[in-house]
Amino acid sequence: MIELRNVSKMYPNGTKGLDQINLSFAKGEFVAIVGLSGAGKSTLLRSINRLHDISEGDILIGGSSITQAKGKQLRMIRRNIGMIFQSFNLVKRTSVLRNVLAGRVGYHSTLRTILGRFPEKDMNLAFGALDRVNIIEKAYSRADELSGGQQQRVAIARVLAQEAKIILADEPVASLDPLTTKQVMDDLKKINQELGITTIINLHYVDLARQYATRIVGLRAGRVVFDGPVSEATDEV
Ligand code: ADP
Ligand code: ADP
């Protein structure tokens, strides 16, 4: 479903974010990317969603190269990819419901988005998503009135409303306490199992990766230093 062929990413200042990466991810996999700060985890996820261009190599999603894609073609590919960030990236002063409906924006014309009216199908998807992450009673609360864990569940609901086939989560629990971390990771795992959404998640700690992932990819200085089942991953990954 996702294939990276010999991918390198050099930043304008000369830093190598990724160095000749070859990886493929199958549909429905739950993969943890682990590595120290600066290993290239974020660069990897940003490359897959083409939040930046890579310097070398090719990335295929569902068989289509995204490396040269532009305009409508790029939007169609991105529609299938939901991003989750450490900092939640919600519109703070806006309701939870509107934040979740933002996942539907890519499906409509700009005009409709500006007017802010969403068809019933979108409303159903949004409420269904909020229900799945057990936060439906917060639909009309302002996003910034929620706790960190709740805000991350809103971000997950937004990806669900988007009907994404792939979730890229960049250290989604790095700013959460242990209990909230468990709730958010449980939600991500549940969604992966029930909906078959391919999930790639950057994690700082191998322990957490072991508990939730089926496969671990270890990065160091932009290179893959481990790729295998959780059972074979050591603390050195
Ligand atoms: P991680 O997510 O594992 O912490 P990153 O992908 O953020 O690692 O960073 C990989 C390398 O690329 C690091 O050396 C980092 O300093 C560098 N880097 C990341 N973003 C930029 C940027 N915008 N400009 C220059 N260097 C960057
Ligand atoms: P957690 O311990 O999971 O971070 P909090 O103690 O932050 O949870 O939040 C507990 C409850 O208080 C939640 O229902 C949340 O919506 C509410 N809450 C948190 N912060 C605020 C706030 N700034 N204004 C209003 N309600 C808040």
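Reader: Which handedness does the crossing of H6 and H7 have?

Author: In this predicted model, helices (H or I, at least four residues) and strands (E, at least two) are DSSP runs numbered from the N terminus. A crossing is called left-handed if the near helix is turned anticlockwise from the far one by less than a right angle, and right-handed if clockwise. By that rule, the crossing in which H6 passes H7 is right-handed.

Reader: At what angle do the axes of H6 and H7 cross, and are the two helices roughly parallel or roughly antiparallel?

Author: Axes are lines fitted to C-alpha atoms, for helices over the stretch in contact, and angles run from 0 to 180 degrees between N-to-C directions. The axes of H6 (residues 148-161) and H7 (residues 178-195) come within 9 Å and cross at roughly 15 degrees. Angles under 35 degrees count as roughly parallel, over 145 as roughly antiparallel, 65 to 115 as roughly perpendicular and the rest as oblique. H6 and H7 are therefore roughly parallel.

Reader: Which residues of H6 meet H7?

Author: Contact means heavy atoms within 4.5 Å. On the H7 side the partners include Thr180, Val184 and Leu195, and the residues that meet them from H6 are Gly149, Gln152, Arg153, Ile156 and Leu160.

Reader: How many residues of H6 are buried?

Author: Buried means under 20% relative accessible area, exposed over 50% and partly exposed in between, using a 1.4 Å probe and protein chains only. The buried residues of H6, among them Val154 and Arg158, pack against strand E6 (81-85), helix H3 (96-101), helix H5 (120-132), strand E7 (166-170) and H7. H6 is thus mostly covered, and the number buried is 12 of its 14 residues.

Reader: What distance separates the C-alpha atoms of isoleucine 33 and glycine 218?

Author: Isoleucine 33 is in strand E3 (residues 30-34) and, at 0% relative accessibility, counts as buried. Although isoleucine 33 and glycine 218 are 185 residues apart along the chain, their C-alpha atoms are separated by 5.9 Å.

Reader: How are residues numbered, and which pLDDT limits apply?

Author: Chains are lettered from A and ligands numbered from 1 in the order written, while residues are numbered from 1 along each chain. Side-chain values use heavy atoms, without hydrogens and water, and totals for chains, interfaces and linings use all residues, whereas local features need pLDDT of at least 70 and side-chain atom pairs count only at pLDDT 80 or more.
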